[in-house]
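Here is a set of questions and answers for reading the structure shown below, each worked through step by step.

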Amino acid sequence: QVQLVESGGGSVQAGESLRLSCVAPENIFSLAAMGWYRQAPGKQRELVARIDRGGSTAYLDSVKGRFTISRANAKKTVYLQMNSLKPEDTGVYYCNARVWQDYWGQGTQITVSS
């Protein structure tokens with residue numbers, strides 16, 4: 001059972017920052033494109049940011065300029081730095097590792113109040 005371990009969620013005020021972390025097993029992390037998804041109540045899960053093995057990144061339009069995804073290969077960790085948070089960023093954030101299949105973290109709640 002592949003396990004992605006997330007940390008860093010919480011409740012903040014609009015305009016504040018949070019950083020999410022996700023640790024993956026070495027045999028997965030070294031091969032995977034890593035990403036962060038989120039799911040707001042009543043909505044479908046959406047891709048927030050992705051980083052491939054070479055470090056190329058992609059972002060959801062609504063988070064561009066505010067969120068930054070990065071990976072620390074030696075630590076087998078992917079990060080999501082979230083600045084200038086907005087209430088519409090509220091949701092459960094999931095770490096994803098895509099190799100020959102998708103692996104998911106357990107999810108961490110982020111609540112942004114106005």
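Q: How many bridges join S3 to S8?
A: In this predicted model, the strands S3 and S8 run antiparallel. Within this pairing, serine 21 stands opposite tyrosine 79 in S8. The number of bridges that join S3 to S8 is six.

Q: How many residues apart in sequence are the parts that the pair of cysteine 22 and cysteine 95 ties together?
A: The sulfur atoms of cysteine 22 and cysteine 95 are 2.1 Å apart, and the two residues form a disulfide; a search of the whole structure finds one. Cysteine 22 lies in strand S3 (residues 18-23), whereas cysteine 95 lies in strand S9 (residues 91-98), so the parts that the pair ties together are apart in sequence by 73 residues.

Q: Is the disulfide of cysteine 22 and cysteine 95 left-handed or right-handed?
A: Cysteine 22 is buried, with a relative accessible area of 0%, and cysteine 95 also counts as buried at 0% relative accessibility. The torsion about their S-S bond is about -80°, so the disulfide is left-handed.

Q: How many residues does the largest nonpolar core have?
A: Among the elements that give two or more residues to this core are S3, strand S8 (77-82), S9 and helix H1 (26-29). The residues with the most contacts inside the core include Trp36, Leu80 and Tyr93, and the core has 27 residues.

Notes
Residues are numbered from 1 along each chain as its sequence is written. This is a predicted model: local features need pLDDT of at least 70, side-chain atom pairs count only at pLDDT 80 or more; totals for chains, interfaces and linings use all residues. Side-chain values use heavy atoms; hydrogens and water are left out. A disulfide is a pair of cysteine sulfur atoms within 2.5 Å. Helices (H or I, at least four residues) and strands (E, at least two) are DSSP runs, numbered from the N terminus. Buried means under 20% relative accessible area, exposed over 50%, partly exposed in between (1.4 Å probe, protein chains only). A nonpolar core is a set of buried Ala, Val, Leu, Ile, Met, Phe, Trp, Tyr and Cys residues joined through side-chain atoms within 4.5 Å. Two strands pair if DSSP finds at least two bridges between them.
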